[in-house]
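Subject: Structure for you to look at

Dear colleague,

Here is the structure I promised to pass on to you. Please open it beside this email and follow along as you read.

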Amino acid sequence: MVSLTRTVRTLAVAVICLLVLTAVVSQANVVAAGAAVTGTATGEDTGAVATASVATLDPPSIRQRGDGALVVTLSNASHDTGSRVQVAVDGGDGEPVSYNVSGASAGDNTTRYVVTAADLPEFDATQAEVTVTQGDTPLATETLSLRYVRAVGARLSSTGGVVVNTTETAGLGGGPVTLSLTASGQTVTADARVVNGTLRVAPGAVRSFYYPPRNATVEAADATILDTSGALTASFGRLAGTVSATADGGTLTVSSPAVVPGTEYDVIVTTADGRYENVLVAGGSNGSGRVTVSSSTLAAATSATVTLRHAPSNATVIDAATVAPNAVATASVAAVDRANGTTTLDVSGVTPLSGSVTSVTVVGADESATVSTPTLTGDTLRLDGLVLETGAAYDVVVERADAPSITLAVGSGDRGAVTVPSTGGTAGLGEAGGVSPLMLGVGAAGLTLVVGSVAFVYVFGRRDAETPGRRQYSLAVAVRDAEGRTPDRSVTVTARRRPDVTGDGGLGDGATGGGGLADDEGLGGGGRSPGGQRGASGGQSSDPGSGRQSSGVGVGRQSSGAGTDRRSSGAGTTAGPTPSGGGETTQFQLLGGEGEIELPEGQWELDVGPETDGGPRTVWDGVEEPVVFRLSPLPATTTVVDETGRAVADAEVTLEAPAEARTRDTGHDGRVELGEVSQLATDLTLRVTHDSYETYETRLDSVRDLADEVTLTAARGDLVVTAPVDGAHTAGVHVEATPVTPDAVPGRETVAAETGDDGEVRFDDLVVGEYEVTVSVDGAEYEGSTTTVSVRPDERTTATAGVSFTYRLSASQRERIDDLAGSPREMLPPQRIDGGVHYYYGTVFESLAAVIEAVEESGARFVGTGLSPDAVVTELLDVGEATVDAVGVALNSKHNVDLFSACADMDAVRRSWADDADGGFALETLFAAAERTPRALNTELRERLDEAEALVAERQSEVTVVSPVKEPLEEVRSFADDELTPVPDHERQLALSVVLDGYLDALEATFDDDALRDRLDRTVY
């Protein structure tokens, strides 16, 4: 037995030594690893820097290479080629960006220094100032554009615009890139916005390429380098080849991405039963437009030929495409391989889907995409380069070389996305101090071996005097953290009897016996006393829950270094031991985290649940030392994410206890480490703040309650934009707010609206952040503006951005206006003839000239009318001059000359129409008329001429001579009749209605002016 005891003891010592050796080796490796990363940083100059003499420099070269890199070439004589140079790039806004660049020989006694496009700044580098120095010596400076875009393809957006996919940009500063698109000799220049790694051209800028559909080559039209592997082509032409038709018994619907909703088309459908042709307005949505023909005959056709012509231009959009209206079938998504960008459709329900499949177009919620190389194998149709959503709904148009196209209805419910994968005292927080790499100690709590930061502990107890019946023994139990503090709350201790194990313990030798190891992080407490005690009862037990193993050797008890002061009170017990899991179980409440408990003889497993990392402890009668549960501090670590699960960097995270608070910022991965926190710390508050998110705050009972992940909700605020035109508030100004960094916070997106009558637009609940606000009005006569605003949480941000009306009258127009304004004088007859009526009629056109001249100051009034200011001015002048001529001819007739000659002896009179109560032209009249259609104005003017003729006929009996009124009216009526058939365009009709209606008012008022009426009463012989 002694031999067995020694053997076991030797084995235990060997195990401990092995652990010690492992820890030492591990620590040595850590030290060695630390030394391996110490020293001079890679690429750092360690020698002395030679001073270069730069008396005269050869002309240096600073340029941007085709791959976007900034290349500086210097002569070797101008600087020290063995040292780096410093290259600074300044965009004019904010701090310049500097680079420490090593050179490489470029031949011809020159050295080249390169800053790659990936390293160039993202601020606006349209006019970047590049300065090259070496130490304090200037070498070169140059101002140039460093704008760069690496483009990998062009496509059409869901709304009919052009999207250029990019993999790398530099120097754009979030601003637009001007692109030119050329097709069939036509070139369109348009600004492309930078959105989510793409360049986007608005649909309106490229709409002409649809009629007929063509392929447009995309190039840069400004200083930006557009780096491509080949020509960028936006294929408008492919849209015309994707046509499908469906029938519901009464209607035939023809669909194609080439059809633009809201546009008129001449629709020609030919079937075996006849030919249909009509002009229809397309419906549907962008990317999936359609025209619907109401005809049960066409709807019943099994095959039809469809031709669509763009009605305004007569350009053919779809040319004799063969469709099968009743060939709609259902299919489903069989498999989606996101890694390889492939979707496989199950087409087993299509009877039959045969023939040579040439292309497949998929129409989803926001985008349509075409696969030019689909693979039909049996009952499966594979679409390479396309990822669909399983279970979502799509329209799939299958084009076949030897059969009509067929439309497949895939899935049900909501429309899915079409994805084209890219080809690229009071308890504080109690943070523990450092733990030594290796420690071995024996104390009142038992044997403690600490390796690194992990502690292994075996715990002892004490037996009371024998009592009748089953013997009882008292055991002191304490729960403490690493700093020796006890909790300020009650702790439950659960004792579970283990099966009795017998054995023969050995004799302690004043050193350590073969104890078990417990996963209790922390340091062993207490000291060691000379002289051994008898070891615990022998035997062997295994604890699956904690993985501890205790040998039959036991551990010598110590006479000093008790882990806790025992108390005579404070321990409570339940009504008595109860069986649990095949053994007895009893619970005790430790008030303040420590006290004494009474246990019957035998071996017991003590557990305080999650309060300790050490797990359950095994004790037995005859052991006198207290059981101390050590609570190691836990790392307070969490990750802050947004609503999409993306990491939030630079969030301020605070963990606060009543007596202490710690604050750290999250890193780029959203992770924050707040240090170690005592498990006994209670009443904690976790607070997370960020300028772009709502403040997150929660209460924690313990650091164990700290979640692995904290989700922030984007903060929101309101934005009110005032958009005056030349300082005047008006409705119809387009206001668009675009986030400067749309990807920074989820929910940031471009919003747009038109101003109301108060000249304002309100955007509620915008995700906070910087927005670029752009205001604009359609038409070359308007110049919009852009301003940047910062939307703040729970605040209403106001911004003002104005639109300027830049229209100015030309020199020739001003000359014509002056001539028109001089009509009262120009229309006067010779002195021997009375000119009262001439002058009066001339003031009509004098008033008209004043209104025309006021157009320059009326920019706000033109907004939303659809009128061209220049066209309105031209038409008003044309109609005004023509009316002057017509009136002049009438006044010079023989009847009128004789009359006005007979009036020569009358007192001269100079009446002005503008002085009449209802006289004079006004801009209000012009814009009120602009609200009506040309046809309505045409009808109203004809009726007005009829009314004037009726009035003259009615009142001619009141005067002696009516020719000064009647003959000008006849000339004006003749001029109007020539102009009013057919109905002229809007501006011409508007000018006719305004000018002639005003003149007719003046003409009718002639009867009511006493001085003018006297001339009509003069007798002519």
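Helix 7 and helix 9 (residues 869-891) pack with their axes 10 Å apart and at an angle of about 175 degrees, which makes helix 7 roughly antiparallel to helix 9 (a term for angles over 145 degrees, on a scale that runs from 0 to 180 degrees between N-to-C directions, with axes fitted to C-alpha atoms over the stretch in contact). Helices here are DSSP runs of H or I with at least four residues, and strands are runs of E with at least two, both numbered from the N terminus.

This is a predicted model, in which local features need pLDDT of at least 70 and side-chain atom pairs count only at pLDDT 80 or more, while totals for chains, interfaces and linings use all residues. Residues are numbered from 1 along each chain as its sequence is written, and side-chain values use heavy atoms, with hydrogens and water left out.

Helix 7 (residues 836-853) also meets helix 5 (residues 811-821), and their axes come within 7 Å and cross at roughly 150 degrees, so these two helices are roughly antiparallel as well. In contact (heavy atoms within 4.5 Å) are Arg814, Ile817, Leu820 and Ala821 of helix 5 with residues of helix 7 including Phe845 and Glu846.

Elsewhere, strand 44 (residues 603-607) is largely enclosed by the rest of the structure, because four of its five residues are buried (under 20% relative accessible area, with a 1.4 Å probe and protein chains only). Strand 44 pairs with strand 37 (residues 491-498) in the antiparallel sense over five bridges, where pairing requires at least two DSSP bridges, and Leu606 in strand 44 is the bridge partner of Ala495.

Best wishes

Conventions
Angles under 35 degrees count as roughly parallel, over 145 as roughly antiparallel, 65 to 115 as roughly perpendicular and the rest as oblique. Buried means under 20% relative accessible area, exposed over 50%, partly exposed in between (1.4 Å probe, protein chains only).
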